[in-house]
Amino acid sequence: MSAFSLKMDIAGNRFFTGETSPLFSRTQAQQARQFHQKITGYHPTPLYALNELATLFGVHKILVKDESQRFGLNAFKMLGGSYAIARLLCEKYRLEINELSLADLKSRITEKMTFATTTDGNHGRGVAWAAKQLGQNAVVYMPKGSAQERVDAILRLGAECIVTEMNYDDTVRFTMQTARQNGWEVVQDTAWEGYTKIPTWIMQGYATLADEAVEQMSAMGISRPTHVFLQGGVGALAGGVLGYLADVYGARNLHSIIVEPEQADCLYRSGIKGQIVNVGGEMATIMAGLACGEPNPLGWEVLRNCATQFISCQDAVAALGMRVLGNPLGHDPRVISGESGAVGLGILAAIHSHPQRDALMNTLQLDSHSIVLIISTEGDTDVKHYREVVWEGKHPAAR
Ligand SMILES: Cc1ncc(COP(=O)(O)O)c(C=O)c1O
């Protein structure tokens, strides 16, 4: 491969304490996973070892968790929405989550409810899916510029879906107001003062994928990964998964790297400052799921305490990751990974071809002993754009 330098700004976390949170513990994750396991069609998503790619990149192992295979929804997000809605209903009807499946819950609901949310696509699809399973309504708002294919996927689940003229964070505020006026339940993956319970459940739900990965690594004879790459939108996924991994392995035993698009790098900026920094404006990135400018305070707390580094990178890094995962080496499995799913692997690929490869490997403490865990959080949720990138070479790595 020719050498090229893609923009990746890397910041160390000077505010790291290694402190774990009881909210995002192994126990909480296992409770969420038990709930997901009872849903018809549940199976753990695959954890692929890309051995030939690992050899090429000079690390011991690259493990990719393929969330495109999550309940046929092409992304991990339903793990959060379904668990939060179930916990909400259990609270309302005084039921025990440990004893119930989604189907049991459906039979206990005595009124028609509406769940409202804002989404870049995947979270709304998860909420719409869970509402449909429970015979309830969902109203989903999306920011300006959302891909029609992502809108259609939500509409097909029977939800109402409205694209606003606002960016993601302003759409969240609009949804909250509209829901209050209409008496709807808001199922949002970000938190703010007075709204923490549902986002906490959502983050706990995401930990199901991490609990599966820990079990899958253990079955492969891997006692722990040395590195994990987690992509950040509001930081709920990264916080939920890292919180769990820090509880299982200890935050100091894991090199965790939070990756964001440069147009929406609120966690990166917060990481430098040691406190929440918001980013505004249009946030026009191809990584639609990561186009969020205001960190989830619950996720941020975990990341401030437990993340090792933050990276802000250009769109071409994600596009490179999509192409590498879609065109595997030798016997490595093929992973169809969308823009927000592929950016972690994109960083590894961009480092491999960078003129300062060795220095970057050193900064990320990557070497021939490294076992790198990557979560491909979505498949081709925008097929048209996926093809433009992978077939037509949109967002090239080298010009
Ligand atoms: C595919 C994908 N990956 C990652 C994320 C990031 O999740 P969070 O907003 O919790 O940081 C999202 C969010 O929508 C997403 O859709």
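**Cysteines and ligand**

Author: Cys 313 counts as buried, with 0% relative accessibility; buried means under 20% relative accessible area, with a 1.4 Å probe and protein chains only. The model is predicted: local features need pLDDT of at least 70, and side-chain atom pairs count only at pLDDT 80 or more, while totals for chains, interfaces and linings use all residues. Residues are numbered from 1 along each chain as its sequence is written, and side-chain values use heavy atoms, leaving out hydrogens and water.

The closest cysteine sulfur to that of Cys 313 belongs to Cys 266, and at 13 Å it is too far for a bond. A disulfide is a pair of cysteine sulfur atoms within 2.5 Å. The structure holds zero disulfides. Cys 306 is in none either, as its nearest cysteine sulfur, in Cys 266, is 18 Å away. Cys 306 is also buried, at 2% relative accessibility.

Next, the ligand. A ligand oxygen is 2.9 Å from a polar backbone atom of Val 234. For Gly 289, a ligand oxygen is 3.3 Å from a polar backbone atom. The side chain of Lys 77 has an N or O atom 3.5 Å from an oxygen of the ligand. Taken alone the ligand exposes 390 Å², and the protein buries 98% of that, by the Shrake-Rupley method with a 1.4 Å probe.

Conventions: Polar contact = N/O pair within 3.5 Å; in protein donor to acceptor, adjacent residues only side chain to side chain. Buried < 20%, exposed > 50% of the residue type's maximum accessible area, 1.4 Å probe, protein only.
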